[in-house]
Amino acid sequence: MQKAQLVFIPSPGVGHLVSAVEIAKLLVDRDDRLSITVLIIKHPNFDSDISSNYSRSVDRIKFIDLPNDFSDSNIPRSLFASFIESRKPRVKDAVSNLLTHSDSPRLAGFVLDMFCTCMIDVANDFGVPSYIFFTSGAAFLSLMFHAQFLHDELSKPTTDLKDLDTELVVPSVANPIPARFLPSVLLNRDMAMFLYEHSRRFRTTKGIMVNTFAELESFAINSFSDRQIPPLYPVGPILNLNGNNYDVVKKTEIMEWLDDQPPSSVVFLCFGSMGSFSGDQVKEIAYALEHCGHRFLWSIRQSPPKDKDKETILIPSDYVNLTDVLPEGFLDRTVGIGKVIGWAPQVAVLGHEAIGGFVSHCGWNSTLESLWFGVPMATWPMYAEQQFNAFEMVRELGLAVEIKMDYKMDFKSENTMIVTADEIERGISCLMEFDNQIRRRVKEMSQKSRKALINGGSSFSSLGRFIDDVFPSE
Ligand SMILES: O=c1ccn([C@@H]2O[C@H](COP(=O)(O)OP(=O)(O)O[C@H]3O[C@H](CO)[C@@H](O)[C@H](O)[C@H]3O)[C@@H](O)[C@H]2O)c(=O)[nH]1
């Protein structure tokens, strides 16, 4: 039997690492000729221990932690690319070591995260192709290509649209997109340059697996057909349905609380791995929850200290004392209807029948998880590409209601816009209406997301085509 191995290089951070490991598991389960080594890049400020949540003994998957010898532990956002670049010799050493074993299968290629495209150079050194595993949606991938094309070929960078009241026609969505709903990463010069460079390099790869499914993003997926872009493999939704290691006592308490709530009665609020709010914004959310009267489970995280000069990547933490930030008496007044927590066991929560709606930052994993469980979302994007995901879910696909689509979190200062209690309450009321059309559509999409993965489903077939590419001669 011809055997082959792939080397996976995910970016640090739960939003990228978890689905990369899950697709690796799916691949080895699907084809017993395949083995995979996942190289874990440790970033000093991300919780890379997330990888220890996975059994290190998954058959035919090996995890290697790359040594963290980056000299500065406070890596500014703008130096993220250099940080990844600095890992190249480590990657090279690790792959060379793999290949020294006499029984080592043929190295068939590298599978890289969207932010690890510099590792294409290392793959080239080994004479093997690179693939991308894209952890966001097809519409955003297409937008990345389009934005790079506008910049490189037409000298029209998306950053020029920043403060303009204009619309942009892009191939991946049917509706023109108002500039203010463009993702924050394409309106910030440094970030946009960073993305253009990755898009250029995506074009040189042998294929791109995308964490999406044809039934969800058919328009966006079709938008790739007439452009010179490597083959696309929509293989999702790729989710870790077992959740991550989570404090058992805390999880039990949360799940028992949910057990006591009526079906579809609770609104869940959670804002991803980097989401946090100023004290003033927290209070507006609290007023909205108290006033609208719906049951709620609210995951709230404390902002890291703002570092105006270095714009260091720091992630939020759980509050030591929630009363420091919530309005006086809030916890007592809402004790019968609500629960405030820190980091949430999100997948388990979304899968609980008490959950009736999800106020989300629209990170792509959260979006796919809510669709999987048939829970409608109210959009509150914060950073990265989330504004665009919100636009796609609300305007394009009719799968979410809007709280905001143009909110942008400022990592440098506290001067982020404030969403008022009225706006939040309006969004939550709309979300929690029992019999709305969106809820019905989301339930249908939930069925489709599950079907996509089973034998004969669209993503199942797509993954098969990817495997055929890895074993071309058979
Ligand atoms: O309290 C929490 C918060 C999050 N999660 C989980 O963490 C993941 C978060 O992923 P995602 O929703 O995609 O958000 P980010 O962590 O913000 O992910 C980054 O990566 C995504 C995939 O590329 C992008 O879509 C996002 O914009 C980017 O910020 C999900 O699986 C959640 O279930 C929890 O379990 N508990």
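Predicted model: local features only at pLDDT ≥ 70, side-chain atom pairs only at ≥ 80, totals over all residues.
Reader: What area is buried between domain 1 and domain 2?
Author: Counting contact as heavy atoms within 4.5 Å, 48 residues of domain 1 touch 39 residues of domain 2. Buried area is the accessible area (1.4 Å probe) that two parts lose on being put together, summed over both. Carbon and sulfur atoms give 63% of it here, and the total is about 3,800 Å².

Reader: Which side chains meet in a salt bridge at 3.4 Å, N to O?
Author: The rule wants a side-chain nitrogen of Lys or Arg within 4 Å of a carboxyl oxygen of Asp or Glu. Across the interface of domain 1 and domain 2 it finds one such bridge. As for the 3.4 Å pair, the side chains are those of Asp-406 and Arg-180.

Reader: How many residue pairs are in polar contact between domain 1 and domain 2?
Author: A polar contact is a pair of N or O atoms within 3.5 Å; within protein, one must be able to donate a hydrogen and the other to accept it, and residues adjacent in sequence count only if both atoms are side-chain atoms. With both residues at pLDDT 80 or more, the count between the domains is 19.

Reader: Which polar side chain lies 2.7 Å from an oxygen atom of the ligand?
Author: Around the ligand there are 21 residues, and Ser-273, Ala-344, Ser-366, Glu-369 and Glu-385 come nearest; "around" means a heavy atom within 4 Å. Thr-135 has a side-chain N or O atom 2.8 Å from a ligand oxygen, and for Gln-346 the polar side-chain atom is at 3.2 Å. The one at 2.7 Å belongs to Tyr-383.

Reader: Why does the pair Lys-88 and Asp-121 tie together parts that are apart in sequence?
Author: A search of the whole structure finds 14 salt bridges, including Lys-88 with Asp-121 at 2.7 Å, N to O. Helices here are DSSP runs (H or I, at least four residues), strands likewise (E, at least two), numbered from the N terminus. Lys-88 sits in helix α3 (residues 88-100) and Asp-121 in helix α4 (residues 120-125), so the pair links parts separated in sequence by 33 residues.

Definitions and conventions
Residues numbered from 1 in each chain as written. Heavy atoms only, no water.
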